[in-house]
Every structure is written in C-alpha cells, then in structure tokens.
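Dear colleague,

Here is the structure I promised to pass on. Please open it first, then read my notes below.

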Amino acid sequence: MDMVTLAEVAGNLSAVGYGLAAIGPGIGVGIVVGKTIEGTARQPELGGRLQTLMWIGFGLIEFLALLGIVCGFIFS
C-alpha cells in the first residue's frame with residue numbers, strides 16, 4: 001500500500017501568530033485616539049494634556065505590538 005501525502009504544512013506559523021496578535025494593538029490605538037478626540041470635544045481646554053496622555057498610551061500599545069513580533073522570532 002502506498003502512503004500519499006495529501007497536504008503539507010510548510011513555513012513559519014509565527015507570521016500568522018503575529019498577524020493575529022496585531023489585532024489587539026490596532027483596536028487599542030483606535031480606542032485611545034477616539035477617546036482623546038471625544039474628551040477634547042467635551043473639554044477643549046484640556047486638549048493639550050489629553051494629547052500628551054494619548055501619546056504615552058500610544059507608545060505603550062505599540063510596545064506590546066513590538067513585543068509580539070519579538071516573541072514570534074524568539075519562540076519559532
């Protein structure tokens with residue numbers, strides 16, 4: 001009896017994992033920017049302070065995205 005390979009999975013699955021992990025930071029950035037715009041619309045005098053806090057939050061969210069890609073390289 002001949003054994004026939006019907007399908008073969010080849011390649012690096014960490015790319016798929018990082019693609020899925022990028023969904024979280026993408027949603028997070030959208031929420032942070034949206035809430036900053038909403039807060040500035042409600043209280044325009046706090047716009048500068050809210051923008052500063054937005055950039056800090058944006059940096060932390062992007063750090064998580066970079067951590068996801070680094071873990072993909074480490075664990076593959």
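A word on terms before the helix pair: axes are lines fitted to C-alpha atoms, for helices over the stretch in contact, and angles run from 0 to 180 degrees between N-to-C directions. Helices (H or I, at least four residues) and strands (E, at least two) are DSSP runs, numbered from the N terminus.

This is a predicted model, in which local features need pLDDT of at least 70, side-chain atom pairs count only at pLDDT 80 or more, and totals for chains, interfaces and linings use all residues. Residues are numbered from 1 along each chain as its sequence is written, and side-chain values use heavy atoms, with hydrogens and water left out.

The overall picture

The protein chain has three helices and zero strands. From the N terminus the order is α-α-α. Of its 76 residues, 14% count as buried (buried is under 20% relative accessible area, exposed over 50%, partly exposed in between; 1.4 Å probe, protein chains only).

Helix α2 covers residues 23–42. Its 20 residues should span 28 Å at 1.5 Å a residue, and its end C-alpha atoms are 29 Å apart, which agrees. The expected span is 1.5 Å times one less than the number of residues. Helix α3 takes in residues 47–74. With 28 residues, α3 reaches 40 Å from first C-alpha to last, close to the 40 Å expected.

The two helices pack at about 175 degrees, with axes 10 Å apart. α2 and α3 are therefore roughly antiparallel (under 35 degrees is roughly parallel, over 145 roughly antiparallel, 65 to 115 roughly perpendicular, the rest oblique).

Which residues meet? On the α2 side they are Pro25, Gly28, Val29, Val32, Val33, Thr36, Gly39 and Thr40. On the α3 side they are Gly47, Leu50, Gln51, Met54, Phe58, Ile61, Glu62 and Ala65. Contact here means heavy atoms within 4.5 Å. These residues divide into nine nonpolar, six polar and one charged. Ala, Val, Leu, Ile, Met, Phe, Trp, Tyr, Cys and Pro count as nonpolar, Asp, Glu, Lys and Arg as charged, and the others, Gly among them, as polar.

Faces

The buried residues of α2 are Pro25, Gly28, Val29, Thr36 and Gly39. Seen down the axis, they fall within an arc of 105 degrees, so they line one face of α2. The arc is that of the directions from the helix axis to the C-beta atoms. The face turned away from this buried side carries the exposed residues Ile31, Ile37, Ala41 and Arg42. In α3, the buried residues are Gly47, Met54, Gly57, Ile61, Ala65 and Gly72.

Single residues

Leucine 50 sits in α3. At 24% relative accessibility, leucine 50 is partly exposed. Beyond its neighbours within four places in sequence, leucine 50 is in contact with Thr36, Gly39 and Thr40.

Lysine 35 belongs to α2. Its relative accessibility is 52%, so lysine 35 counts as exposed. Lysine 35 and leucine 50 are 15 residues apart in sequence and 9.4 Å apart in space, C-alpha to C-alpha.

Glycine 24 is also placed in α2. Glycine 24 is partly exposed, at 45%. Its C-alpha lies 8.2 Å from that of alanine 65, 41 residues away along the chain.

Best wishes
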